[in-house]
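Have a go at each task before you read its solution.

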Amino acid sequence: MRKEVVAAAAITVGAAAVGVAVFFRHWERQREQRLRQAKRILRKFANDCATPVSKLWNVANDLCSNMEAGLSSEESQLGMLVSYIEPLPTGEEKGIYYGINLRGTNFLLIRGRLGGKNLPISELQREEVAIPSSAMDGDSTEELFDLIAVELAKFISVHSEIDGEAESRERKLGFTISFPVEEDAVSSGTAIKWRSLSVNDIVGKELTNDINQALEKLGIDLRVFALVNDTTGDLAGGRYYNKENVAAITLGMATDVSYVESAEQVPKSAWPITQFGRNEFDASLDTESSNPGSRMFEKLISGMYLGEIARRVLLKMAQETALFGDWVPPKLTTPYLLRSPDMAAMHQDTSEDFETVDEKLNEIFGINNSTPMAREIVAEVCDVVAERGARLVGAGIVGIVKNLGRIANKKSVITIEGGLYEHYRVFRNYLHSSVWEVLGSDLSDNVIIENCHGGSGAGSIFLAASQTYNADSY
């Protein structure tokens, strides 16, 4: 009897062991199947985002066509805006100058010294001032510009120095704005769109007059000569250091480009709307955005959208392949929760088990049980998004240089400003390599890409200098 009980127990344990083994084999097969499915989604996404040289040339040529149409008529797909800011800096400007950079919810006050002979900007001071909601939501610009004038007066009193070079001339205040503006003339401007501010009487109003009136009320001996976007200010800064600087690009949360046209044509700013194919994630992002059908190129390359595209891909993987477990992490469904700096950190994780990816997934989405393989897939998704965006920017650069007729026989310097270029190393490398691939080893030497001089907002200093120091030339 005892032997029978023991035998029965042994059979039961054996059966349980077999059952456990069967369960784990089934679980392993299911996990491998889901992983293969996730990789299929990744491969399709990568194929849809592929940017071979032929496609990059299509983007460059498409940009040229739209730039030419934009110069000849209003029919172009480009939002090309005129900037009458001649003369641009020559590199000989000297003295201390002040500038303002108006942004979404704050503005920068900037002061710097230029030494002429292309010497670097020095004694650079910046102060960031928050804009209260009352000034942002008001029915006029008066409160906003009065605030700017008051803060500028304080800033000057702290940093003021006498500069005899500038005292013999009417002193100009550089004023750049981080939203597209259209200048009707050098002394007046019209803001056509403010991305974060909602001042109701902006459209059609001569803002320079309002700003100068606010300065006059406080006895500030500076005058705003023109309102230009900050990318045009970066172009002025690039021209101070190199007369061959023909374009400036902003690559941050938003993106923009400003370039120098010939005297027979009109200087303008633009990014292209290209025929580059979109995938399901691009399409859904555009449809659900606040401006569907608008700024399509920006939605493929700017920091505002790169992380969001990656999030949408990861969400599909979580829903269809259980990449992060049987439950879809609730925070993964929240739009724009993945920011481009966090995406860059995951993308550039070189640790063996993707430890940074693990930390970011937990920190941002509350995912604390990811596998090393899942984390590797996350890094690869980020790589696909970044590579496409950077290579499209490279194609845009080629298009601008080609349109200016400078590819084959002239050096062209391109200045780039913004965190996406400055802090996202892999993105920057992809951008540079795409220009080399498109132009080849010989012609690519004619295109020189440099980081912006002086940092964010410094373009207003160079604009103030060129308009003050070279006032007699126009």
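**Exercise 1.** Decide whether Arg-295 is buried, exposed or partly exposed, and say where Arg-295 is found.

*Solution.* Before starting, note that this is a predicted model, in which local features need pLDDT of at least 70, side-chain atom pairs count only at pLDDT 80 or more, and totals for chains, interfaces and linings use all residues. Residues are numbered from 1 along each chain as its sequence is written, and side-chain values use heavy atoms, with hydrogens and water left out.
- Step 1: the relative accessible area of Arg-295 is 26%.
- Step 2: buried means under 20%, exposed over 50% and partly exposed in between (1.4 Å probe, protein chains only), so Arg-295 is partly exposed.
- Step 3: Arg-295 sits in the loop between α8 (280-288) and α9 (298-301); helices (H or I, at least four residues) and strands (E, at least two) are DSSP runs, numbered from the N terminus.

**Exercise 2.** Work out what the phi of Arg-295 is near, then do this for Ala-322.

*Solution.* 
- Step 1: most residues other than glycine have a negative phi.
- Step 2: Arg-295 has a positive phi, near 50 degrees.
- Step 3: Ala-322 also has a positive phi near 50 degrees, and lies in the loop between α10 and α11.
- Step 4: with a relative accessible area of 18%, Ala-322 is buried.

**Exercise 3.** Describe how helix α11 (residues 340-347) packs with helix α12 (residues 355-365).

*Solution.* 
- Step 1: Axes are lines fitted to C-alpha atoms, for helices over the stretch in contact, with angles from 0 to 180 degrees between N-to-C directions.
- Step 2: α11 is therefore roughly antiparallel to α12 (under 35 degrees is roughly parallel, over 145 roughly antiparallel, 65 to 115 roughly perpendicular, the rest oblique).
- Step 3: from α11, Asp-342, Ala-345 and Met-346 make the contact, and from α12, Thr-356, Val-357, Lys-360, Leu-361 and Ile-364; contact means heavy atoms within 4.5 Å.

**Exercise 4.** Find how α13 (residues 372-403) and α15 (residues 425-443) pack.

*Solution.* 
- Step 1: the angle is about 45 degrees, with the axes 8 Å apart.
- Step 2: α13 and α15 are therefore oblique to each other.
- Step 3: the contact includes Ala-386, Gly-389 and Ala-390 of α13, together with residues of α15 including Phe-427, Tyr-430 and Leu-431.

**Exercise 5.** Count the aromatic pairs in the whole structure, and characterise the one formed by Tyr-98 and Phe-155 and the one formed by Tyr-305 and Tyr-336.

*Solution.* 
- Step 1: the search finds 7 aromatic pairs. Rings of Phe, Tyr and Trp (its six-membered ring) pair if their centres lie within 6.5 Å; planes under 30 degrees apart count as stacked, over 60 as edge-to-face and the rest as tilted.
- Step 2: Tyr-98 and Phe-155 are edge-to-face, 6.2 Å centre to centre with 85 degrees between the planes.
- Step 3: Tyr-305 and Tyr-336 are edge-to-face, at 6.3 Å centre to centre and 65 degrees between the planes.
- Step 4: Tyr-305 counts as buried at 10% relative accessibility, whereas Tyr-336, at 34%, is partly exposed.
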